[in-house]
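Here's a quick briefing to read with the model open beside you.

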Amino acid sequence: MATTFKTLLNSDSTTTRTLLHEAIPITGTIVSGTYDESAAASSNIKNYSHGMFQSVYDYPYLSSSANQIFDLTVGYSNNSAHSNSANSQNAKKINIYNQMAQVLAGYDQDGNIREFDQDGNFAAGGTKLRECVFINFARLLTKDEIKKESFELKVMTGSTPATRTSAEVLTISDYGAINNYRVNSPAGEYGVLYTASAAVEGTGVGLIYYQAGIVVLTGSVYDGEFGANGAAYDTGSFDAVLTGSEISASADGFRNTLFNTQFNNTTELNSKIYFCRANHSDFNYSSNPTYLSSSKLVVKETSTDSPVSYVTTIGLYSADNELLAVAKLSEPIKKTPDTEVTFRVRLDY
Amino acid sequence: MAFLDNSGDIILDAVLTDTGRQRLARGDGSFKIVKFALGDDEIDYANYDKAHSSGSAYYDLEVLQTPILEAFTNNTSLMKSKLVSIPRTNLLYMPVLKLNTVYDDSYQQGTDDLFYVAVDVATETSQGGTGVINGENVPQGAKIRIDQGLDTTEISPSFPLDADLVETQYIIEMDNRLGHVCDTVNGRQARVSFIDDDNIASYFLSLGTDPGYVSEITETADEDNGKIAVSGPRGTTLKFTIRASIDLNSSTFLFTQLGSTTNGPTNPMSTVKFIDSTIRITGATTGYRIDVPVRFIKNN
């Protein structure tokens, strides 16, 4: 009986999970300096009338080519020493902190929002991060999650912007996170950010939430003036800008002290692999119209010659013969009765 | 001593077709891959040079150099010619499907080697004639017949076609917006197996279960050659006609959208609106397929 289909048995398919990583480098110049921020048409920095956060794009944001790379905002806890109703946007900064805390840190047993903990050990009390910069990376960059121990943030701190040297670049990273991370957040896994390559308990300067793609950085990492040497920015200390200026001013300050940042993202690829086995007696003939000349096989001279066919395409079908997926070879594969071929066809989800 | 190539299996990334995506989105379990087929759409076997002066290693040199197109997602545009599994290796002849326009006058094509489908009674009256299918008064008018067998004069038609080469099931694919497949005896509409995302309806018609469509060719004598499309041993025949869709029968919308106007096929002094389409017939067993051009017409 001639046939054009071959049934896939249960043993002819399997599922696999692959993690793909991409390196995402973000230079400090792309977030401040490359584009003229004085006019909306040329600026890659978008501020909103609500003033709750600032968006950073990789290109002037009015262009359709622009991609959002991250959002910046700052906030402090209601328990912070800096919380004061006289502060600029005091309520909004508290609201931002609470919003981020309830999503990332969750609630205690009494239903109260937990403050960010320096080492993630809520039970032990310890130091809380009460004045924070939040960097919310776009899913375009983080994909399914940030790869652990791949995050690095370099910020310029100390002295004044005009006199800073590259020696004043502070490197912050999730050192050791590949084997030492926390799972007690409602937003998934997170690690502690350190300024020294050894992850010393109690010296954390922030938290990185891998699946959420959010970095929480304590304001205490900043020393000296916060911001750039320009009239367009507030140039006081971090505390002064945090309390005395709007959220957008703190975001400006963060951008202007950002030397660069980089991380690897992760894409989880679930695949089903179909083993399409063409045994020696399978698929040696073709229904291609050019295969026959007056019904005679053009590849044979006599009946004793071996038939031959060439595979270029693999079609995966439903029970009712509908073509559901297709895979192409890069070059024709010769199929004869003395060859057997197994095509591994991978369908990614 | 060189290393042996142990690359083994060939790994390919598959893309979902539009129908595959549609079924996946439906989430009703209709996306289930249960079988596979191999295709060779790009291959021109005329490039297989059995007489190459350098020997058999060079026979398929040009074939193997054929560049392969990327996969595209239209399910009806791929896998047009499939590879066939036949356990025997000594086959020298394989059956084909061939349009029979000589069996009798009712199977003749009209002008320009087309079948015309008059979509309403007025068009049937004004344009009726050779090659014109009555799309409303089915099954009157022309009919379509496909013969299967070996189209060679090397073997007498009196020899039976090998049982494993006899086509027992045909798949007819046509645009469901334009018409429907009907039998040639009662004009009853065939059951649609499924309609894909591009409105292509598929009909599966089998020997035995659909006697109004598929039957064995009984004319096996040499003198029957004038009535049968294939010259050698014969297998089965598929006969059908077409009922125009209600949309074409009662509206000119699709004619405006998909067609144009031209002179009438049998009454060239008049003009008709028309839509050109193709009906694809595939042998489910042998994989061979042919396209039959059809023009739907309506008085202008």
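Helices (H or I, at least four residues) and strands (E, at least two) are DSSP runs here, numbered from the N terminus. This is a predicted model, so local features need pLDDT of at least 70 and side-chain atom pairs count only at pLDDT 80 or more, while totals for chains, interfaces and linings use all residues. Residues are numbered from 1 along each chain as its sequence is written, chains are lettered from A and ligands numbered from 1 in the order in which they are written, and side-chain values use heavy atoms, with hydrogens and water left out.

**Chain A overall**

- On the secondary structure side, chain A has five helices and 22 strands.
- The radius of gyration of chain A is 29 Å, whereas a compact globule of 349 residues would sit near 20 Å; the radius is taken over C-alpha atoms, and the globule rule is 2.2 Å times the number of residues to the power 0.38.
- The C-alpha trace of chain A spans about 95 × 50 × 40 Å along its principal axes.
- Chain A splits into domain 1 (18-268) and domain 2 (279-348), with bounds from an automatic or database domain assignment.
- Those two domains of chain A have C-alpha centres 57 Å apart.

- Of the 349 residues in chain A, 52% are buried (under 20% relative accessible area; exposed is over 50%, partly exposed in between, with a 1.4 Å probe and protein chains only).
- Take the contacts in chain A (heavy atoms within 4.5 Å) between residues at least 6 apart in sequence: 60% of them join residues at least 24 apart.

**D282(A)**

- D282(A) is in the loop between β16 (258-278) and β17 (285-286) of chain A.
- D282(A) is buried, at 12% relative accessible area.
- Setting aside neighbours within four places in sequence, D282(A) touches K6(A), R277(A) and K335(A), plus S85(B) from the other chain letter.

- Q89(A) isn't a glycine, yet has a positive phi of about 55°.
- Q89(A) sits in the loop between β5 (68-76) and α2 (90-104) of chain A, and counts as buried at 18% relative accessibility.
- N199(B), also not a glycine, has a positive phi of about 65°.
- N199(B) belongs to the loop between β10 (194-195) and β11 (200-206) of chain B, and is partly exposed at 30% relative accessible area.
- The peptide bond from V138(B) to P139(B) is cis, with omega near 10°.
- P139(B) lies in the loop between β6 (132-134) and β7 (144-149) of chain B.
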